[in-house]
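Please have the sequence and the coordinates open while I talk.

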Amino acid sequence: MSIGIGLSPAVLDSTDNAVDAAVAIGRQVAAAGLSSLWFGQTFSHDSIVLSAAVGREVPELVVGTSAVPISARHPLLIASQAQTAQAATHGRFVLGLAVGAEAFTEPVFGTAFARPIARLREFLTVVRAVIDTGAVDFHGETVSAVTPMTAAVAGARPVVPVLVAAMGPQALRVTGELADGTLPLLASPGALAEHVVAPLTKAAERAGRPAPRIVALVPGVVTADIESARAAAEKATAFYNGIPSYHRIIELSGAARAADLVVIGPEEAIARRVAEYVEAGATDVVFTQTDLAGAEDQHRTWRLLGELNRAV
């Protein structure tokens, strides 16, 4: 088990230089004793490129994306980027993918958000073929990809791990069959064990694949100012309340809204929650939204998580 930090794009978008800021944060995270740093993807900086830059500058860290939406991207290009990041970091990059949100697909890219599970299956088929063999010849219903020359990137070893932000039954089935694990966000430990780990593990076993990696993304912060942090959490997580896949996992977690699943409190409360996620089957615990209560409490959170990580 390892513990890491996830950064929302907004954290870097407010700086003078997103790449310089990410590298600086990476150094701070590594110094705190954490194992990994994960970058979200919106419409500003590219999270795969950013991962490559940070991973090359901070060799103590595993870096990854959490996660790149596939709805308006082509798998050949993603596979090329991912392999390049793997070569840049000398094997410390993890590719996290997501189906994406309908609200940010057709209105933004002019691409229909149609048959997302079929697209996920075909997208993973292409990415898997390219990163495993350096070539693909695939003609599907939502994706076609042919490599007229090699698509392998020199130095991209070991093979890039591919995770999917999958939480629904169909997405978990495809992920278990074709990917290396999942990146669930806003799933309580109980919901994680019953509705993510169990079905994903079953799908992987049926496909003859190894036990999947479960990277639990957990929003939370160590703070004494619980009221202010809770108000900030309401604002920061409101977006997820309107997305069907998140709404489902929030309900399965016994919560009314996303903010109810943000872990806020003293060191003991956060340490207890980390232990609960590990008990539920998480192979990695990645804390997000650690800036909810300001810089001082953010670093307090990182120090605690680093201590827990070193104790593993």
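What we are looking at is a predicted model, in which local features need pLDDT of at least 70 and side-chain atom pairs count only at pLDDT 80 or more, whereas totals for chains, interfaces and linings use all residues. Residues are numbered from 1 along each chain as its sequence is written, and side-chain values use heavy atoms, with hydrogens and water left out.

Let me begin with Gly 4, which sits in strand β1, residues 2–7; helices (H or I, at least four residues) and strands (E, at least two) are DSSP runs, numbered from the N terminus. Gly 4 has a relative accessible area of 0% and is therefore buried, where buried means under 20% relative accessible area, exposed over 50%, and partly exposed in between, with a 1.4 Å probe and protein chains only. Leaving aside residues up to four places away in sequence, Gly 4 touches Leu 34, Ser 36, Val 285, Val 286 and Phe 287, a contact being heavy atoms within 4.5 Å.

Thr 288 belongs to strand β12, residues 284–288, and it counts as buried because its relative accessibility is 13%.

Now to the rings: how many aromatic pairs does a search of the whole structure find? The search finds 5, on the convention that rings of Phe, Tyr and Trp (its six-membered ring) pair if their centres lie within 6.5 Å, with planes under 30 degrees apart counted as stacked, over 60 as edge-to-face and the rest as tilted. One of them joins Phe 43 and Phe 109, a tilted pair at 6.0 Å centre to centre with 45° between the planes. This pair links distant parts of the chain, 66 residues apart, with Phe 43 in the loop between β2 (36–39) and α3 (47–57) and Phe 109 in helix α5, residues 106–109.

Phe 104 and Phe 239 form a stacked pair, 5.8 Å centre to centre and 15° between the planes. Phe 104 lies in the loop between β5 (93–98) and α5, and Phe 239 in the loop between α9 (226–237) and α10 (244–252), so this pair ties together parts that are 135 residues apart in sequence. Phe 104, at 38%, is partly exposed, and Phe 239, at 43%, is partly exposed as well.

To finish, Phe 43, Phe 104, Phe 109, Phe 239, Tyr 240 and Tyr 246 form one aromatic cluster.
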